[in-house]
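Biologist: I am new to this structure. Please walk me through some of its side-chain contacts.

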Amino acid sequence: MEAPPLNTGTHEQIDFLRASIGSVLIGQEDVIDQVLVTLLCRGHVLLEGVPGLGKTLLVRALATCFSGHFRRIQFTPDLMPADMTGHAIYDMKEGRFHVRRGPVFTNLLLADEINRSPAKTQAALLEVMQEQQVTIEGKPHALSPPFMVLATQNPIEQEGTYPLPEAELDRFLMKVFIDYPAFEDETRLVRQVTGGSLSMAAISERLSEALTPADILALQQAAEQVTLDDEVLGYAVRLVQATRNASSILKGAGPRASIGLVSAAKAWALMNRRDFVLPDDIKQVALPVLRHRILLAPESEIDGFTPDRVLQQLVQTVDAPRT
């Protein structure tokens, strides 16, 4: 299918998503933009922040703007893979198995506190996230596009949690941090919540028209057709390869990071009303795309370095195209 041309309708739909989510998640414009970039790239996002900052609210707000299906899974230590993917049930009367599909058969999937479940349950999402299908009793069952996993986790509380394996972390296009809001934003938030004007019911009433799955697919196709110069492409690949040669990094990012970096830069350019990618677009999305794909060297951790700090220094060492 040929991608639709860039037009004002595309930008209006992106502005609609930005404004609608921003009216609920106050003071988190960067977080909203990064989640929308992930959506336009057909990717998945890992949201990290302490409780009470609106991670779940962000996902519910996005679901309100979107007329597709939305499901939420609360990850717990006793959650089994079949609880997510579904299972086959034998019908005694008909003498055959019926497949009961799990909550992963949706468009937007909220995996709440994903690090609360053990590795076996977490691994059940690998096929869903990569192939957008589920295998039940040896038979693949495809999901209907668009499909996006939005997972949340608390970075502070470690008791009763299971760190995500590297293979699953790599399936997330972006790892997004949600920080505390500024004073003015928090004041506005408290005023609206306590005044009853900020709730999902109130937001749903204000939204006259939600986007359809076809609209989302059209936006994704528009992001894919954004022009990418060979020089900018080479810059993105050099940046990823630099993570493999830095002494401060024990394990660098793989080719999936290069693909994600270019895809995210295209989506960021589209969101800024351009049909071509600039080197600054690569820099803009570098941290959320790469921060969960590198492993710091022990000496870097001892010195108090974070992945973001190491990546910021690395970006400054790789020359960007000037034309």
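**Charged side chains**

Modeller: The charged end of Arg 274 sits over the ring of Phe 276, with 5.8 Å to the ring centre; such a charge is NZ of Lys or CZ of Arg within 6 Å of the ring centre and within 35 degrees of the ring normal. This is a predicted model in which local features need pLDDT of at least 70 and side-chain atom pairs count only at pLDDT 80 or more, while totals for chains, interfaces and linings use all residues. Residues are numbered from 1 along each chain as its sequence is written, and side-chain values use heavy atoms, leaving out hydrogens and water.

Biologist: Which side chain meets Arg 274 in a salt bridge, and are the two buried or exposed?

Modeller: A salt bridge is a side-chain nitrogen of Lys or Arg within 4 Å of a carboxyl oxygen of Asp or Glu. Arg 274 has such a contact at 2.8 Å, N to O. Both partners are buried (under 20% relative accessible area; exposed is over 50%, partly exposed in between, with a 1.4 Å probe and protein chains only). The partner is Asp 281.

Biologist: How many residues apart are Arg 42 and Glu 224?

Modeller: Their side chains meet in a salt bridge of 2.8 Å, N to O. Arg 42 lies in the loop between helix 2 and strand 1, and Glu 224 in helix 9; helices (H or I, at least four residues) and strands (E, at least two) are DSSP runs numbered from the N terminus. The pair links distant parts of the chain, 182 residues apart.

Biologist: Which residue is linked with Asp 170 and Arg 256 in a network of salt bridges?

Modeller: Asp 170 and Arg 256 have their closest N and O atoms 2.6 Å apart. The network also takes in Arg 293.
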